[in-house]
Amino acid sequence: QVQIVESGGGLVQPGGSLRLSCVVSGLTFSSYTMSWYRQAPGKERELVAGIGSAGGSTNYADSVKGRSTISRDNAENTVILQMNILKPEDTAMYYCNAFRTGRARKYDYWGQGTQVTVSS
């Protein structure tokens, strides 16, 4: 059974930093593209950052580019999102996603999310 568990969220002041962690089990982690998404109240879920299966390619939403870094450790089945210079508009539930395509289907798994609140 696939399990995706996020941690590291919390309340932080504007300008602060957070390190979000995602631990995955039950799948071949190194075969999956890993991503962080977020969803604020009343808004659609949006991609924050993604990293390829080998860790060599990354992509970021324009809103977090230059302030965030995604990384992964395939030996530990872990993906990290380091977020700096946080802004109130970064407030959202952050979700970890594992994705790959197979011959005839897509494999798409989500965690339960971790809340990030940026407020003074």
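I counted as a salt bridge a side-chain nitrogen of Lys or Arg within 4 Å of a carboxyl oxygen of Asp or Glu. The model is predicted, so I noted that local features need pLDDT of at least 70, that side-chain atom pairs count only at pLDDT 80 or more, and that totals for chains, interfaces and linings use all residues. Residues are numbered from 1 along each chain as its sequence is written, and side-chain values use heavy atoms, with hydrogens and water left out.

Entry: salt bridges. I searched the whole structure and found 4 salt bridges. One of them joins Lys65 to Asp62, with the closest N and O atoms 3.2 Å apart. For accessibility I took buried as under 20% relative accessible area, exposed as over 50% and partly exposed as in between (1.4 Å probe, protein chains only). Asp62 is exposed, at 65% relative accessibility.

Entry: Asp90. I looked up the pair Asp90 and Arg67, whose closest N and O atoms are 2.8 Å apart. The pair links distant parts of the chain, 23 residues apart: Asp90 lies in the loop between β8 and β9, Arg67 in the loop between β6 (58-60) and β7 (68-73). Strands (E, at least two residues) are DSSP runs, numbered from the N terminus. Both Asp90 and Arg67 are buried, Asp90 at 0% relative accessibility.

Entry: network. I found Arg38, Glu46, Arg67 and Asp90 linked in a network of salt bridges. Glu46 and Arg38 have their closest N and O atoms 2.7 Å apart. Arg38 is buried at 6%, whereas Glu46 is partly exposed at 36%.

Terms used. Helices (H or I, at least four residues) and strands (E, at least two) are DSSP runs, numbered from the N terminus.
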